[in-house]
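Here is a short report on one protein model. Look at the sequence and the structure first, then read on.

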Amino acid sequence: MFEGTPRVNVFLVHCQCANCQRPSTKRVPVPRVDDAPATVDEFIEALEHSPVPFMCRHCESLIGELVGVTMEAGYAAA
Ligand SMILES: [Zn+2]
């Protein structure tokens, strides 16, 4: 581990609310450990096994549709 390297990857999970159709983004910090997903592809694969709980901040609906996943700028792996 290099000095100054962030200890987490921060993924942004973009969902669209099934109720009010508004987009929501959830920040999911993932510690950089051996078994943790380090790329968007690995993260999406992990989501299929353990989905991130969703709650729309506009209408509090618990049902959201996954639109996409990105990594937060500044945390992306070099
Ligand atoms: Zn909503």
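## Two loop residues

Start with Glu60. With 10 C-beta neighbours inside 10 Å, Glu60 counts as exposed. The cut-offs are these: a residue is buried if 20 or more other C-beta atoms lie within 10 Å of its own, exposed if 12 or fewer, and partly exposed in between, with C-beta atoms placed from the backbone. Glu60 sits in the loop between α1 and β3. Its phi is positive, about 65°, although Glu60 is not a glycine.

Gln21 also has a positive phi of about 65°, and Gln21 is not a glycine. Gln21 belongs to the loop between β1 and β2. These two strands form a hairpin with 5 residues between them. Gln21 is exposed, because 11 other C-beta atoms lie within 10 Å.

## The model and its parts

This is a predicted model: local features need pLDDT of at least 70, side-chain atom pairs count only at pLDDT 80 or more, and totals for chains, interfaces and linings use all residues. Residues are numbered from 1 along each chain as its sequence is written.

The protein has 1 helix and 3 strands. Helices (H or I, at least four residues) and strands (E, at least two) are DSSP runs, numbered from the N terminus. Along the sequence, the pattern is β-β-α-β. Of the 78 residues in the protein, 12% are buried.

## The sheet

In what order do the 3 strands of the open sheet lie? The order is β2-β1-β3, and the pairing is antiparallel. Two strands pair if DSSP finds at least two bridges between them. Strands of a sheet pair through backbone hydrogen bonds, either parallel or antiparallel. The edge strands are β2 (23-31) and β3 (64-71), and each pairs on one side only. From one strand to the next, the twist averages 25°.

Now take the pairs one by one. β1 and β2 run antiparallel and are joined by 9 bridges. Asn9 has Val30 as its bridge partner in β2. Cys15 has Ser24 as its bridge partner in β2. Leu12 has Thr70 as its bridge partner in β3. His14 stands opposite Gly68 in β3.

## Helix, faces and core

Helix α1 covers residues 40-49. The helix lies across β1 and β3, and runs at about 150° to β3. Axes are lines fitted to C-alpha atoms, for helices over the stretch in contact, and angles run from 0 to 180 degrees between N-to-C directions.

In a regular strand the side chains alternate between the two faces of the sheet. β1 has a covered face with Asn9, Phe11, Val13, Cys15 and Cys17. Its uncovered face holds Val8, Val10, Leu12, His14 and Gln16.

Which residues make up the largest nonpolar core? There are 7 in all: Phe11, Val13, Cys15, Cys17, Phe43, Cys56 and Val69. A nonpolar core is a set of buried Ala, Val, Leu, Ile, Met, Phe, Trp, Tyr and Cys residues joined through C-beta atoms within 7 Å. β1 gives the most to this core, with 4 residues.

## Contacts around Cys15 and Lys26

Two residues are in contact if their C-beta atoms, placed from the backbone, lie within 7 Å. Leave out residues up to four places away in sequence, and Cys15 touches Ser24, Lys26, Phe54, Gly64, Glu65, Leu66 and Val67.

Lys26 is in strand β2. Is Lys26 partly exposed or buried? Lys26 is partly exposed, because 16 other C-beta atoms lie within 10 Å. Leaving aside neighbours within four places in sequence, Lys26 is in contact with Val13, Cys15 and Val52. Lys26 and His14 are 12 residues apart in sequence, and 6.5 Å apart in space, C-alpha to C-alpha.

Finally, step back to the whole protein. Among contacts with a separation of 6 or more, 68% join residues 24 or more positions apart.
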